[in-house]
Amino acid sequence: MTDMQERFKTLLKQNGLKVTTQRVAILEVLSNRPGEHLTAEEIYDCVKEMFPDIGLATVYRTIQVLSDLKLIDKLNLNDGYTRFEIGSDSVGSNSHHHHHLICLECGQVLTFQDDLLETLEAKIEESMGFTVVNHEVKLYGTCLECKKRIGHSQEQ
């Protein structure tokens, strides 16, 4: 058993949940695919490779429970799908979430790790007495590959 599996089992127990292979498998799938922002159906496809008898309804129920407990994060990237990624609590990080860069041309989602909002958060705390505990940032634009492609097609 891996250290990550043990960590997931401990987290499930700490949150009053029974440790099941499906719950651990879903946490593993998401932790092994950082930055992929999987849909429930994509999670199901990955878990089904390990557990062919698992049902889609079980995956949906499990995702909801893990999301409610903040063990996985639910994302809306404005593409018509709800997507999921491993929560920072699940991997032992107490930092803010990473940010998402969304290409308007190809739909690619990139993650941006630097947290440049700490100064703003400190200013908000100082001026308004409001403590920011987390934030979510989505930046929309054009990725490098699309800029190259668009620039190349405009030259022709």
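Analyst: In this predicted model, the buried residues of helix 2 are Arg-23, Val-24, Ala-25, Ile-26, Leu-27, Glu-28, Val-29, Leu-30 and Ser-31. Helix 2 is therefore described as mostly covered, since 9 of its 11 residues are buried, where buried means under 20% relative accessible area.

Two packed helices are described by the angle between their axes and the distance between the axes.

The partner to consider now is helix 1, which spans residues 3–14. Helix 1 and helix 2 pack with their axes 10 Å apart and at an angle of about 125°. This angle makes helix 1 oblique to helix 2. The crossing of the two, helix 1 and helix 2, is right-handed. On the side of helix 1, the residues that meet helix 2 are Met-4, Gln-5, Phe-8, Lys-9 and Leu-12. On the side of helix 2, they are Arg-23, Val-24, Leu-27, Glu-28 and Ser-31. Sorted by class, this contact of helix 1 with helix 2 has 5 nonpolar, 2 polar and 3 charged residues.

The other partner is helix 4, formed by residues 56–68. The axes of helix 2 (residues 21–31) and helix 4 come within 10 Å and cross at roughly 70°. Helix 2 is thus roughly perpendicular to helix 4. Helix 2 contributes Gln-22, Arg-23, Ile-26 and Leu-27 to the contact, and helix 4 contributes Thr-58, Val-59, Thr-62, Ile-63 and Leu-66. By class, the contact of helix 2 with helix 4 has 5 nonpolar, 3 polar and 1 charged residues. Arg-23 and Leu-27 of helix 2 are named in the contact with helix 4, and Arg-23 and Leu-27 are also named in the contact with helix 1.

Helix 4 leads on to the strands. Helix 4 lies across strand 2 and strand 3, running at about 100° to strand 2.

Strands of a sheet pair through backbone hydrogen bonds, either parallel or antiparallel. In this sheet, 3 strands are arranged in the order 1-3-2, the sheet is open, and the pairing is antiparallel. Strand 1 (38–39) and strand 2 stand at the edges, each with a single partner strand, so one side of each has no neighbour in the sheet. Strand 2 (residues 72–76) and strand 3 (residues 82–86) are joined by 5 bridges in the antiparallel sense. Within this pairing, Leu-75 stands opposite Arg-83 in strand 3, and the bridge partner of Asn-76 is Thr-82, also in strand 3. Strand 2 and strand 3 form a hairpin with 5 residues between the strands, and Asn-78 there takes a positive phi near 60°.

To return to the part requested, helix 2 has 9 of its 11 residues buried. Helix 1 packs against helix 2 at about 125°, whereas helix 4 crosses helix 2 at roughly 70°.

Key. Residues numbered from 1 in each chain as written. Predicted model: local features only at pLDDT ≥ 70, side-chain atom pairs only at ≥ 80, totals over all residues. Heavy atoms only, no water. Axes fitted to C-alpha atoms, helices over the stretch in contact; angles between N-to-C directions. Helix = DSSP H or I, 4+ residues; strand = E, 2+ residues; numbered from the N terminus. Parallel < 35°, antiparallel > 145°, perpendicular 65-115°, else oblique. Contact = heavy atoms within 4.5 Å. Nonpolar A, V, L, I, M, F, W, Y, C, P; charged D, E, K, R; others polar. Left-handed = near helix turned anticlockwise from the far one by under 90°. Pairing = 2+ DSSP bridges. Buried < 20%, exposed > 50% of the residue type's maximum accessible area, 1.4 Å probe, protein only.
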